[in-house]
Amino acid sequence: MYSPRRRPALLAVAGLTLIPNANAAENPFERGPAPSSSSLAAARGPFATSQVTVSSRDASGFGGGTICFPTSGD
């Protein structure tokens, strides 16, 4: 039977079962190796990239610039 004295323990157990597992919340968009000091300082990363330059005359709402994007989906 339920006892008011058991309420804190019951709430603690219920709280632990409701906390999601950190491993289950992995990012489905995460790609590539974990960053390291050398990879952060590198000029290029592990993915093939391409870039497009947008002229300020062609841009609406901002002053143009260079857009870099990955070319592989892996």
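Student: Which residues form a nonpolar patch on the surface?
Tutor: Like charges are joined within 9 Å, and nonpolar side chains (Val, Leu, Ile, Met, Phe, Trp, Tyr) within 5 Å. Here the nonpolar patch consists of Val52, Ile67 and Phe69, which together have about 230 Å² of accessible area. Such areas come from the Shrake-Rupley method with a 1.4 Å probe, and for residues only the protein chains shown count as cover.

Student: What kind of model is this?
Tutor: It's a predicted model, where local features need pLDDT of at least 70, side-chain atom pairs count only at pLDDT 80 or more, and totals for chains, interfaces and linings use all residues. Residues are numbered from 1 along each chain as its sequence is written, and side-chain values use heavy atoms, with hydrogens and water left out.

Student: Where does pLDDT come in, and what is the mean for the protein?
Tutor: pLDDT is the predictor's confidence in each residue, from 0 to 100. For this protein the mean is 75, and 64% of the residues reach 70 or more. Among the elements, strand β1 (residues 49-54) has the highest mean, 92, while helix α1 (residues 7-18) has the lowest, 59. Where pLDDT is low, the predicted coordinates should not be read in detail.

Student: How many helices and strands are there?
Tutor: Helices (H or I, at least four residues) and strands (E, at least two) are DSSP runs, numbered from the N terminus. This protein has 2 helices and 2 strands, in the order α-α-β-β along the sequence.

Student: What about Pro35?
Tutor: Pro35 is in the loop between α1 and α2 (37-41), and at 64% relative accessibility it counts as exposed. Its C-alpha is 9.7 Å from that of Gly45, 10 residues away in sequence.

Student: Which residues is Thr66 in contact with?
Tutor: Contact means heavy atoms within 4.5 Å. Setting aside neighbours within four places in sequence, Thr66 touches Gln51, Val52 and Thr53. Thr66 belongs to strand β2 and is partly exposed, at 48%.

Student: And what does Val54 touch?
Tutor: With neighbours within four places left out again, Val54 is in contact with Ala59, Phe62, Gly64, Gly65 and Ile67. Val54 lies in strand β1 and is partly exposed, at 22%. The C-alpha atoms of Val54 and Thr66 are 6.1 Å apart, although 12 residues separate the two along the chain.

Key: Patches are made of residues with over 30% relative accessible area and no salt bridge: like charges are joined within 9 Å, nonpolar side chains (Val, Leu, Ile, Met, Phe, Trp, Tyr) within 5 Å. A salt bridge is a side-chain nitrogen of Lys or Arg within 4 Å of a carboxyl oxygen of Asp or Glu. Buried means under 20% relative accessible area, exposed over 50%, partly exposed in between (1.4 Å probe, protein chains only).
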